[in-house]
Amino acid sequence: MASVAANDVKAVAVDVGLASPLRVASTGVDTHRPRVALPARSATLVRVAGLAVLCAATLVAPALLLVWMPIVLGVPHIASDIRFLVLPLPRRQVVISLGACAALVALKTVSLASGVALVQSEMVVVGLWLVGLIALDRPTQRSHALQRHARVKRRSKLVWPFVAFAAMTIVALPLQFAIVAAFAHNVVAVIAWVVVKRPGRRQALAMVAVLAAAVALLIVAGPAVASVTGGASSPWLTVDKAAHVMFGGVPLPAARALMIAFTFLQAVHYAVWLDWVPRGAPRMPTKPWLLVVAGTLVVLTAGLVDPVWARTTYLALATFHIYLELVVLAARGARRLQ
């Protein structure tokens, strides 16, 4: 009983929010107000319930989710990406990250307007972005102290060879990297949650186990249930058509099952960035919040006019956030080795 009570006390995250003046000045948010988060056990139950709802929705109407999730939730989740991954970086890394994002959006805009694929140029930007973040990273004082130990020195020396190899691979195999990144980024969101929020080991393992079980259920039963409910098709997109694009070359029954599982993971991706990561954080300042609302309304209005065009255009212009998550998380991992 004592251990259970200790765990419950430890799980309750009470933050009285004595934020530094620099933090308040940089974010425009006064975090002095106390914030009380749910106990870890209760938070896990809430997330499991949310995953169950997303799994059920994916079973019933995967085609609708594929069309409307990006249109409705795309802009807010990118804003959360930037808020929780980019803005906490040192100023120079924020500048290079925002510059890389702007360059990627510009390249994609030119590609959409001209019909010319610029994947190679995009991957050059991503490779330089990764190298730039690592080069601008300043080890903390604790890192300097730890570097007295030979083992940490050896680990630090391995960072740059890995970074150089990763950057060269990205540039040398642009299409392959883009495909792998597109498939991986839904799972990367869960990794980002672990890195940013640092949940307890049991909580993280529980969520991974529930996700794995849901994916297995969707692969096995998803196609049959979606065909019975009619959710495998919509006026704008069918699961089979999306599966043909995403999993070209895979037999249709398997591709259909994988597409339904991918739809669920995409929904989880949005849940992570719109609920799991922001939960307990200060509210977004008014001006950025209004900008996010305006962007969402623009995409939603376009979706009401032509959902297919709005979804396709948004997903194309938003591909930069896939690389944002990978690059920033890779830079944070490299920092731990320095």
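Is C55 buried or exposed? C55 is buried, at a relative accessible area of 8%; buried means under 20% relative accessible area and exposed over 50%, with partly exposed in between (1.4 Å probe, protein chains only). The model is predicted, so local features need pLDDT of at least 70 and side-chain atom pairs count only at pLDDT 80 or more, while totals for chains, interfaces and linings use all residues. Residues are numbered from 1 along each chain as its sequence is written, and side-chain values use heavy atoms, with hydrogens and water left out.

**Overall make-up**
- Of the 338 residues in the chain, 37% are buried.
- Taking contacts between residues at least 6 apart in sequence, 80% join residues at least 24 apart, where contact means heavy atoms within 4.5 Å.

**Cysteines**
- The whole structure contains zero disulfides, a disulfide being a pair of cysteine sulfur atoms within 2.5 Å.

**Helices α11 and α12**
- Helix α11 (residues 239-246) and helix α12 (residues 252-276) have axes that come within 8 Å and cross at roughly 95 degrees.
- Axes are lines fitted to C-alpha atoms, for helices over the stretch in contact, and angles run from 0 to 180 degrees between N-to-C directions.
- The two helices α11 and α12 are therefore roughly perpendicular, the term for angles of 65 to 115 degrees; under 35 is roughly parallel, over 145 roughly antiparallel and the rest oblique.
- On α11 the contact uses V239, D240, A242, A243 and M246, and on α12 it uses L252, A255, R256, M259, I260 and F262.
- Nine of these residues are nonpolar, none polar and two charged; Ala, Val, Leu, Ile, Met, Phe, Trp, Tyr, Cys and Pro count as nonpolar, Asp, Glu, Lys and Arg as charged, and the others, Gly among them, as polar.

**E122**
- E122 sits in helix α6 (residues 119-136) and is buried at 3% relative accessible area.
- Its side chain makes a polar contact of 3.2 Å with the side chain of K108; such a contact is a pair of N or O atoms within 3.5 Å, and within protein one must be able to donate a hydrogen and the other to accept it, with residues adjacent in sequence counting only if both atoms are side-chain atoms.
- Leaving aside residues up to four places away in sequence, E122 touches L104, L107 and K108.

**T313**
- T313 belongs to helix α14 (residues 307-317) and counts as buried at 17% relative accessibility.
- The T313 side chain reaches the backbone oxygen of W309 at 2.8 Å.

Technical notes
Helices (H or I, at least four residues) and strands (E, at least two) are DSSP runs, numbered from the N terminus.
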